[in-house]
Amino acid sequence: MIRNYIKIGWRNLKKQPFFTFLNTFGLAIGMAGGLLIALFIYDELSFDKMFADADRIYRLDADIKFGGMENEFAEVSAPMAETVLRDFPQVAAVTRLRNQGSRLVRKSGTTVNVKELHAAYADSTFLSMLGIDLLYGDTKTALTKPNTLVMTRTAAEKHFDAANAIGQTLTLNNNEVYTVTGVMEDPPKNSFLRDHSIFMAMTGYANSNIPDWGSNNYYTLVKLSPNANYNSFKNNLDSIFSTYIVPWAQEYFPGITEEQFLASGNYVRFNATPLEDIHLYSSRDSEFSANSDIQNVYILFFIALFLIVLASVNFMNLSTAYSLKRAKEVGIRKTLGSNKPELIKQFLIESGLISFISLVFALVLSSVVLPLFNDLAGKEIAIPFDNPYFWVLLLLATAFLSLISGSYPAFFMSKFIPAKVLKGLGNNSVGSGNVRNTLVVFQFAISIFLIISTLVVYQQLRFIQNKELGFSKDQVLVVDDLGMFPDKVQALKEEVTRLSQVKSVTLSSYFPTPSSRSNSSFFQEGKTAQENALNMQNWGVDYDYIKTLDLRLIAGRGFDRQYPTDSTALILNESALEVLGVDPQQAIGLRILDNFGQGADPRILTVIGVVGDFHFESLRRDISSLSLYIGGFPGAMGVKVRKDDLSHTLAEIENAWNNILPGQPFNYYFMEDSFNTTYEAERRLGKIFMTFTILSIVIACLGLFGLAAFNAEKRTKEIGIRKVLGASVSQITYKLSVDFLKLVGISILVSLPLGWYTMNKWLQDFTYRIDIAWWVLALSALLAAAISIITVSYQGIKAASANPVKSLRTE
């Protein structure tokens, strides 16, 4: 019997090629989009699950408010690891990592360096705790000795055959000699270690054992015992503050109590974040690698759901519309003895045929566009054709979609009354088209909602890119890796400064775009109680820093070589003065204490200038306090260049580099590009929104096109009579289109407030954000109306232009 149903179903699909094409193509697009997004979401949810006992591993975090600055750190202080291992019986193991940024690496005895972008110090327990097996070397001993390291296969093969790497020596940053004791496979792309290629032994690192509770530089992971209570462990972490941190703080503030510290509005709180949650739920300072956001997963999930629902609604709409052409077939079947269940089975099998044909096309389409999607999403996703679970889930999902999409048309058609349909009254045999109209409204409401979302995301990104940041990022080139050549940096600066296309040059490790950061606490002279602390970023710069970045001086002066006292001078930003409660003009001459309470006499610094606030963190955050001083350890060179002939300027700067530092890799980036990477996630989200908004509109228009074609065909005789009676093409087109446009109008009324509310909630994540302008909503409505008019009018004009003689012969 089933075989007979399939034969009849296949015959019916071949009889209606236009209907079959619209349904199959619409479902294929929806299924392909849903599949790609499902693979993306699966990849996002799989992060860090590959590590041994990942469900028992947690990262220790610190929330600190002190000196007018609030920080949420993904790192804690050096003694934290030993303390929790000793004091908390729930802790079975602990390990630490300390990010070190990039390293120049060369095989000992050679002169040419290779840059590794991400290196870190790691405790000896790092490999065993995470269950990382080495390709070569002993996991238990690889990081137990000073000046040893483990590297990834890719990093090792840049210098020697990975199988022969053990025992080889490497020189890092031209002055650190390490022995290779292990080679590991490249970390998976869905791991927090994915960007790192070198792990150096923490043993022997000078700062790793200092009992300093004031610096938070160590990414600390703990593994709890199998039966440990996570909530109990997490809640007891705050006892560390009173037990260890308060006694340590009394060295700086004699007599201070926990109550006094908290009463001044300060706090130190600890938390434990599950390792498996970090990628999607953590956006703290000093993350070990870039994280995503669970909000983006939800957004993409709903986009995928919208696409599939749109395709399913298309199927229902077109099937019920075209079912009227099969009304006589149903009447004859019922007259000859077919019962309702048999008819439902027949129509559900036809639905299944379309769904599984659509699945084949969806898989082909997904395979073709997958490289483009990976580029769009920044992923390396592959369709797991060799995974049997993938096929089981895919076939079950397709069967479910077929059932959902085909159930309403099947029940709809099985209700036809034989006596009416055989008399040619099929149009009135089962109610009106209210359900179809509702589905059309639903389709276009989703499409308009996605148009609004796309426009708002792009408006916010444009706002970020064009916002006045307080510094000039345009035409500023940053040359990296100078920290390894301290005796060459001044010579390099002088040579680059002489180039005709260079406006100015500055040396520093600190730039407003992602680079080094350094927090320090200061006090105004005469106000040394802990509640008067000023916690701020403290950046070492040179005399040309303010000029190169076009910082705005609002009081006092900049650093000047003519003033020897500038070696003990400070320049503060406006936010720092707000914490101090001092007006910019009154700040000049203010005396600030550095190193207060750290054993030696505090260093007295004098404020000589105030710069306007500039954004040196994400626009999701408020601008915090910052100070500039002359000195520090310059790790990079900022070069302000002229716009014309940029490629020639770059070649000249590289030539200057090679003259001063022959054989060393020349690494640079433009500050504007670095700034833009901060908002890479938003840009990708905007592109994904646009892509799938277009797909949703295509699906909705396919449905509308099919319904308009059916409507025109159903009213062929009416159109012929109207033409004979003198109606123009425009009048007939209007008559055929107006009902559909009313439905689009209802969709607009439904979707505009929903889109405005939802995107306003999304914008709340940004401290600096746009207000959704009225024209965004108006443009969304106009786009939807224009697209629907074009779609429907085509069928209307085609029908109205037909020969009325032929139209009147159709019945």
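Predicted model: local features only at pLDDT ≥ 70, side-chain atom pairs only at ≥ 80, totals over all residues.
**Exercise 1. Find where confidence is lowest and where it is highest in the protein.**

Step 1. Start with the average: the protein has a mean pLDDT of 84, and 87% of the residues score at least 70. Here pLDDT is the predictor's confidence in each residue, from 0 to 100.

Step 2. Confidence is lowest in helix H14 (residues 418-421), with a mean of 55, and highest in strand E10 (residues 219-224), at 96.

Step 3. Check residues 426-432 too: their pLDDT stays under 50, and the model has 14 contacts for them beyond four places in sequence.

**Exercise 2. Work out which residues of helices H3 and H16 are buried, and what they pack against.**

Step 1. Recall the geometry: an α-helix has 3.6 residues a turn, so residues three or four places apart point the same way.

Step 2. In H3 (residues 80-87), Met80, Ala81, Thr83 and Val84 are buried. These residues sit on the same side of H3, because they cover an arc of only 165° around the axis; the arc is that of the directions from the helix axis to the C-beta atoms.

Step 3. The packing partners of the buried H3 residues are E1, strand E3 (91-107), E10, helix H7 (239-249) and strand E11 (267-274).

Step 4. Repeat for H16 (residues 489-497), where the buried residues are Val489, Leu492, Lys493, Glu495 and Val496. They line one face of H16, since they fall within an arc of 165° seen down the axis.

Step 5. The buried residues of H16 pack against strand E13 (502-508), strand E21 (636-641) and helix H20 (646-660).

**Exercise 3. Take the salt bridge between Lys379 and Glu44: which parts of the chain does the pair tie together?**

Step 1. A salt bridge is a side-chain nitrogen of Lys or Arg within 4 Å of a carboxyl oxygen of Asp or Glu. The structure holds 26 of them.

Step 2. The closest N and O atoms of Lys379 and Glu44 are 2.3 Å apart. Lys379 belongs to the loop between helix H12 (340-377) and H13, and Glu44 to helix H2, so the pair ties together parts that are 335 residues apart in sequence.

Step 3. Check the cover: Lys379 is buried, with a relative accessible area of 14%, and Glu44 is buried too, at 4%.

Step 4. Lys49 lies in the loop between H2 and E1 and Glu276 in the loop between E11 and helix H9 (278-281), 227 residues apart. Lys49 is partly exposed at 44%, and Glu276 is partly exposed at 27%.

**Exercise 4. Which backbone angle stands out at Asp53 and Asp550?**

Step 1. Most residues other than glycine have a negative phi.

Step 2. Asp53 has a positive phi of about 55° although it is not a glycine. Asp53 is in the loop between helix H2 (17-45) and strand E1 (57-66), and is partly exposed at 35% relative accessibility.

Step 3. Asp550 likewise has a positive phi, near 55°. Its loop runs between helix H17 (545-549) and strand E16 (553-556), and Asp550 is partly exposed, with a relative accessible area of 44%.

Note on methods:
Residues numbered from 1 in each chain as written. Heavy atoms only, no water. Helix = DSSP H or I, 4+ residues; strand = E, 2+ residues; numbered from the N terminus. Buried < 20%, exposed > 50% of the residue type's maximum accessible area, 1.4 Å probe, protein only. Contact = heavy atoms within 4.5 Å.
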